Amino acid sequence: MQHFASDNYAGICPEALTALLAANDGHVRSYGDDEWTLRASDRLRELFETDCDVYFVFNGTAANSLALASLCRSYHGVICHELAHVNTDECGAPEFFSNGAKLLPAAGEQGKLTPAAIIEVVTRRGDIHYPKPKVVTLTQATEAGTVYRPDELRAIADTAREFGLRVHMDGARFANAVAGLGLRPAELTWRAGVDVLCFGGTKMGLPVGEAVVFFDRSLAEDFAYRCKQAGQLASKMRFLSAPWLGVLEDGAWLRHATHANAMARRLAAGLAEATGLPTLFPVDANGVFVRLPSRVEEGLRARGWLFYNFIAAGGARFMCGWDTATETVDRLLADISQLSREA
């Protein structure tokens with residue numbers, strides 16, 4: 001049974017699995033000095049149309065935390081949205097790996113930061129007793145399933161530069177954002193002022209692994225040492241990087257994200273028809289947020305459906321994955337429709 005609690009529930013996509021198995025052949029150099037890692041890094045440079053610095057780590061928490069730590073010191077502050085994953089779901093890891101840099105949450109509609117919100121945080125205090133803001137971190141797509149458009153990113157980056165701040169992007173669902181907007185990855189990153197991207201692989205069908213992409217290579221100084229110290233330097237790095245090669249070489253990463261987004265739109269349209277309830281946020285990527293009657297939610301769980309409420313801004317979150325089937329969406333909608341009539 002497929003579920004909607006998280007796109008992490010999905011298995012390995014065929015392209016990533018084929019590449020992983022192909023990499024399991026003979027002896028190769030370790031710690032990233034292998035052909036798979038070198039080729040995957042080059043493919044990412046081609047994808048982003050720039051000579052960026054690329055590192056592969058095991059998971060998103062490590063990617064975000066180590067990237068942020070490379071952009072600030074222990075007495076600095078990191079401006080984030082109050083719903084940002086780094087603020088709500090990483091167990092203090094950004095603070096830990098930066099030796100104490102403080103997260104400075106700000107509110108914003110539809111899960112997005114704005115230039116005004118950033119200015120409010122930066123100018124809130126300027127005394128030595130308060131952390132000095134140094135980084136803005138954005139989530140793309142956001143925890144509300146919305147996406148930042150290039151003009152929004154540029155406005156934020158311009159504000160950040162005005163105050164001497166760097167821009168980090170948590171791209172756990174970056175592929176879904178690219179697919180949703182139909183733009184080139186470069187337009188949503190370095191061309192819009194982003195300094196470093198944590199490009200999520202797990203949610204788009206990889207078995208494990210995220211890519212930390214530094215568009216300003218000077219910011220990556222000693223980053224390899226950070227990875228080693230944090231236990232993120234894989235000895236058999238080919239098994240982290242080869243799946244990336246599998247999804248990058250024929251565009252599978254974008255096809256799968258496009259499919260997941262389409263399933264989310266199908267679900268949102270069906271929900272409106274079955275319940276008359278609008279989604280809480282625009283369906284820009286692969287997440288659908290809706291406030292269902294409690295009896296409907298209880299009924300769905302009694303029938304075995306899994307979905308989250310804990311970060312759904314007061315509603316239920318349904319997340320579609322690369323492998324979500326149309327039949328699964330339709331079965332969920334049929335149950336919601338029946339339960340809504342009974343409620």
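Predicted model: local features only at pLDDT ≥ 70, side-chain atom pairs only at ≥ 80, totals over all residues.
In which hand does H1 pass H10 in their crossing?

**Figure 1. Helix H1 crossing helix H10.** H1 passes H10 in a right-handed crossing. By class, eight nonpolar, one polar and two charged residues make up the contact of H1 with H10. Two packed helices are described by the angle between their axes and the distance between the axes. Here H1 spans residues 14-23 and H10 spans residues 238-248, and their axes come within 7 Å, crossing at roughly 135 degrees. The two helices are therefore oblique to each other.

**Figure 2. The residues that H1 and H10 bring together.** From H1, the residues taking part are Glu15, Ala16, Ala19, Leu20 and Ala23. They meet Arg238, Phe239, Ala242, Pro243, Gly246 and Val247 of H10.

**Figure 3. A salt bridge between Asp33 and Arg29.** Side chains of opposite charge can pair when their charged atoms come close. In this view, the side chains of Arg29 and Asp33 meet in a salt bridge, with 3.7 Å from N to O. How accessible are the two partners? Asp33 is partly exposed, with a relative accessible area of 40%, whereas Arg29 counts as exposed at 59%.

**Figure 4. A salt bridge between Arg217 and Asp53.** Arg217 forms a salt bridge with Asp53, and their closest N and O atoms are 3.7 Å apart. This pair links distant parts of the chain, 164 residues apart. Arg217 sits in the loop between strand S7 (210-214) and helix H9 (223-229), while Asp53 belongs to strand S1 (residues 53-57). Is Asp53 buried or exposed? Its relative accessibility is 14%, so Asp53 counts as buried. Arg217, at 38% relative accessibility, counts as partly exposed.

Figure 5. The closest N and O atoms of the salt bridge between Glu120 and Arg124 are 2.7 Å apart. Glu120 counts as partly exposed at 40% relative accessibility, and Arg124 counts as partly exposed at 37%. Salt bridges that share partners also join Glu35, Arg39, Arg43, Glu46 and Glu249 into one network.

Figure 6. Asn176 lies in H8, which covers residues 174-181. With a relative accessible area of 5%, Asn176 is buried. Which residues does Asn176 touch, not counting those up to four places away in sequence? They are Ala257, Ala260, Asn261, Asp284, Ala285 and Asn286.

Figure 7. H13 runs over residues 326-342 and contains Ile336. Ile336 is buried, and its relative accessible area is 0%. Leaving aside neighbours within four places in sequence, Ile336 is in contact with Leu271, Thr275, Val296 and Leu300. How far apart are the C-alpha atoms of Ile336 and Gly287? They are separated by 17 Å, and the two residues are 49 residues apart along the chain.

Methods
Residues numbered from 1 in each chain as written. Heavy atoms only, no water. Axes fitted to C-alpha atoms, helices over the stretch in contact; angles between N-to-C directions. Helix = DSSP H or I, 4+ residues; strand = E, 2+ residues; numbered from the N terminus. Parallel < 35°, antiparallel > 145°, perpendicular 65-115°, else oblique. Left-handed = near helix turned anticlockwise from the far one by under 90°. Contact = heavy atoms within 4.5 Å. Nonpolar A, V, L, I, M, F, W, Y, C, P; charged D, E, K, R; others polar. Salt bridge = Lys/Arg side-chain N within 4 Å of Asp/Glu carboxyl O. Buried < 20%, exposed > 50% of the residue type's maximum accessible area, 1.4 Å probe, protein only.
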